[in-house]
Amino acid sequence: MAKEMKMNSRSIAELVFHLGRIASGEGLAENVTPAQWSALRYFALANRFSRTPSAFAAFHATTRGTASQTIKSLEAQGYLSRMRSEDDKRSVQLVLTDKGLGILADDPFESLVRAAESLPPSVQGHFTQALQRMLAQVSRDRGKSPFGTCMSCQQLDSGGCTPEEQVSYACGFTKEPLHANELDGVCINFTPGKPAIVRTSVAAAAPR
Ligand code: SF4
């Protein structure tokens, strides 16, 4: 029995790894490397606290130097540009250009999104929770915090309804208010602890 469980665990790990390689775009897309695809996806999803080279390096589990090279190549190709942060004029945020948003429509990762969409909703929910647990375990093994979004973050404060009857939100980590359309952004300050919700397609995400 123990041997059978071990085989299942290894099969799951190999399937996750195989899906990851396919989704990375390895050998599938011309002119855009797997690292560049990863950066394009990251900056499409990252919230305003996380659109920096160092946050991308942490997300991609790479060095700042390697992350900088990837970002520079995307800037040179016109997929990414730099802009001053609205909150802190001294810091710079990286944002996708129209050309960068356009190429995400050809992202090889989208075939994986379509495969996930074909699963029944109940399976999607269980699958998401199982993968979140695996990600948290791997992150603990590596001594790193997992990235995540506001709706499954312990730092999210929901302050009740405003006079316009809209729910107001704030980030307990940065002490800043959050707009409802920011809640789906990937965040470097994410603190796990709430059940995860299913995320929609990267290509469908607009920059926040
Ligand atoms: S609530 Fe959590 S995920 Fe959202 S901005 Fe704050 S730290 Fe980041």
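Helices, of at least four residues, and strands, of at least two, are DSSP runs numbered from the N terminus. The structure described here is a predicted model. On that numbering, C153 lies in the loop between α7, residues 121-142, and β3, residues 156-161. C153 is also one of the residues around the ligand, and the ligand sits in the largest cavity.

**The chain as a whole**

- The protein chain contains seven helices and five strands.
- In sequence order these elements follow the pattern α-α-α-α-β-β-α-α-α-β-β-β.
- The protein chain has 208 residues, and 31% of them count as buried.
- Among the contacts in the protein chain with a separation of 6 or more, 58% come from residues 24 or more positions apart.
- The protein chain has an accessible surface of about 12900 Å², and carbon and sulfur atoms account for 57% of that surface.

**The ligand and its surroundings**

- The ligand is placed in the largest cavity of the model.
- Around the ligand are N47, F49, T149, C150, C153, Q155, L156, C171, F173, C187 and N189.
- By residue type, this shell divides into seven nonpolar residues, four polar residues and no charged residues.

- The C-alpha atoms of C153 and L183 are 9.9 Å apart in space, while the two residues are 30 residues apart in sequence.
- Q154 has a relative accessible area of 52%, so Q154 is exposed, given that exposed means over 50%.
- Q154 and F173 are separated by 19 residues in sequence and by 9.5 Å in space, C-alpha to C-alpha.
- M151 has a relative accessibility of 32%, so M151 counts as partly exposed.
- M151 and L183 are 32 residues apart along the chain, and their C-alpha atoms are separated by 6.4 Å.

**S38 in helix α2**

- S38 is found in helix α2, which covers residues 34-45.
- The relative accessibility of S38 is 13%, so S38 counts as buried.
- With neighbours within four places in sequence left aside, S38 is in contact with F56 and H60.

**P177 in strand β5**

- P177 belongs to strand β5.
- The relative accessible area of P177 is 61%, so P177 is exposed.
- Leaving aside neighbours within four places in sequence, P177 is in contact with R48, Y169, A170 and E182.
- P177 and D157 are 20 residues apart in sequence, and the distance between them in space is 9.1 Å, C-alpha to C-alpha.

**Positive phi angles**

- A61 is not a glycine, yet A61 has a positive phi of about 55°.
- A61 is placed in the loop between α3, residues 53-59, and α4, residues 64-76.
- K175 is not a glycine either, and K175 has a positive phi of about 60°.
- The loop that holds K175 runs between β4, residues 167-171, and β5, residues 176-178.
- K175 has a relative accessible area of 68%, so K175 is exposed.

Methods:
Residues are numbered from 1 along each chain as its sequence is written. This is a predicted model: local features need pLDDT of at least 70, side-chain atom pairs count only at pLDDT 80 or more; totals for chains, interfaces and linings use all residues. Side-chain values use heavy atoms; hydrogens and water are left out. A residue is near a molecule or strand if one of its heavy atoms lies within 4 Å of it. On a 1 Å grid over the protein atoms alone, a cavity is a set of points where a 1.4 Å probe fits but cannot get out, and a pocket is an open set with protein on both sides within 12 Å along at least five of seven lines; lining residues have an atom within 4 Å of a point. A molecule sits in a cavity or pocket if more than half of its atoms lie within 2 Å of its grid points. Ala, Val, Leu, Ile, Met, Phe, Trp, Tyr, Cys and Pro count as nonpolar, Asp, Glu, Lys and Arg as charged, and the others, Gly among them, as polar. Buried means under 20% relative accessible area, exposed over 50%, partly exposed in between (1.4 Å probe, protein chains only). Contact means heavy atoms within 4.5 Å. Accessible areas come from the Shrake-Rupley method with a 1.4 Å probe; for residues, only the protein chains shown count as cover.
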